[in-house]
Amino acid sequence: MRIGIIGAGNMGATLAFRLTRLGHQVTIANSRGPRTLADVAARTGATPVPITQVSDKADVVIVAIPEKSVPALEAGLLSALPEDTVVVDTGNYVPQLRDGHIDAIDAGLPESQWVQSQLRRPVVKAFNTIRPASLADLGQAAGAAGRIAVPIAGDDPAAKAVVRELADQLGFDGLDAGPLAESWRQQPGTLVFTADLPLDAARRALADATPEQTASWRGGHPRHMS
């Protein structure tokens, strides 16, 4: 599969490393240009490209950048992609330490619905609940006891199926978390976030999520994920 990754921080680089090792053709880009990605390319095996080319011929595009950086992406960067190209949002909103305040999200709009509106492209929310270290080291074969679940929210069943297959290849159970409007259930502060839960426990955590959990998390001083 051809996979483009926007963002070369901890999450983007970890996904690049794991996906390249699985045999996928992975390109990676950041806002500073491919010449700044030599170290990432050496560590991951991904091919650095200009950000305007990261989605060229991609089957999947993964957006792994801070929320504050999403509006700075070139207008229309992803909006012209073929309909069957899957766009994955791995981001989390961290107002206190990183992103500042985004009024629409503060008013209750789920984070990935805001990202979708900025990209002008349907997205699937996934891989935001797992730390890069867990993603790198804790994958297991299908059927293994305690295999970690990765919630996947989105409005297109076919797109979610693609992401679920990638999660399985990476060693995790993809858990259908419903439509994108329900993706707040996997936002920071909820019971599934960074908890590395197996499938049944993760399903219960999503069901037991409340908006107050995220509000409390945002009001504190969490260590951010990138």
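Mentor: Let us begin with a term: a cavity is a set of grid points where a 1.4 Å probe fits but cannot get out, and its lining residues have an atom within 4 Å of a point. Please keep in mind that the model before us is predicted.

Trainee: Which residues line the largest cavity, and how does its lining divide by class?

Mentor: The lining consists of Thr-129, Ile-130, Ile-148, Ala-149, Val-192, Thr-194, Ala-195, Asp-196 and Leu-197; sorted by class, six of the lining residues are nonpolar, two are polar and one is charged.

Trainee: Where does Thr-129 lie, and is Thr-129 buried or exposed?

Mentor: Thr-129 belongs to the loop between strand 6 (124-126) and helix 6 (132-137). Its relative accessibility is 3%, so Thr-129 counts as buried, the cut-off being under 20%. Leaving aside residues up to four places away in sequence, Thr-129 touches Pro-151, Gln-186, Val-192, Phe-193, Thr-194 and Ala-195.

Trainee: Where is Ala-195 placed, and how many residues apart in sequence are Ala-195 and Ile-130?

Mentor: Ala-195 sits in the loop between strand 8 (173-176) and helix 8 (199-207), and with a relative accessible area of 31% Ala-195 is partly exposed. Although Ala-195 and Ile-130 are separated by 65 residues in sequence, their C-alpha atoms are 7.6 Å apart in space.

Trainee: What is the phi of Thr-194, and what is the phi of Asp-196?

Mentor: Thr-194 is not a glycine, yet it has a positive phi of about 55 degrees, and Asp-196, also not a glycine, has a positive phi of about 55 degrees. Thr-194 is found in the loop between strand 8 and helix 8, and Asp-196 is found in that loop between strand 8 and helix 8 as well. With a relative accessible area of 17%, Thr-194 is buried, whereas Asp-196, at 23%, is partly exposed.

Trainee: Turning to open spaces, how much space lies in the largest pocket, and which residues are the closest to its centre?

Mentor: The largest pocket holds about 450 Å³ of space. Its lining is made of 24 residues, of which Gly-7, Ala-64, Ile-65, Pro-66 and Ser-69 are the closest to the centre; the lining of this pocket divides into 12 nonpolar, nine polar and three charged residues.

Trainee: Finally, how is a pair of packed helices described?

Mentor: Two packed helices are described by the angle between their axes and the distance between the axes. Here the axes of helix 1 (residues 10-21) and helix 7 (residues 157-170) come within 10 Å and cross at roughly 80 degrees, which makes helix 1 roughly perpendicular to helix 7. Leu-15, Arg-18 and Leu-19 of helix 1 make the contact with Leu-166, Gln-169 and Leu-170 of helix 7, and by class this contact has four nonpolar, one polar and one charged residues.

Conventions:
Residues numbered from 1 in each chain as written. Predicted model: local features only at pLDDT ≥ 70, side-chain atom pairs only at ≥ 80, totals over all residues. Heavy atoms only, no water. 1 Å grid on protein atoms, 1.4 Å probe; cavity = no way out; pocket = protein on both sides within 12 Å on 5 of 7 lines; lining within 4 Å. Nonpolar A, V, L, I, M, F, W, Y, C, P; charged D, E, K, R; others polar. Helix = DSSP H or I, 4+ residues; strand = E, 2+ residues; numbered from the N terminus. Buried < 20%, exposed > 50% of the residue type's maximum accessible area, 1.4 Å probe, protein only. Axes fitted to C-alpha atoms, helices over the stretch in contact; angles between N-to-C directions. Parallel < 35°, antiparallel > 145°, perpendicular 65-115°, else oblique. Contact = heavy atoms within 4.5 Å. Points joined across faces, edges and corners; volume = space filled by probe spheres on them.
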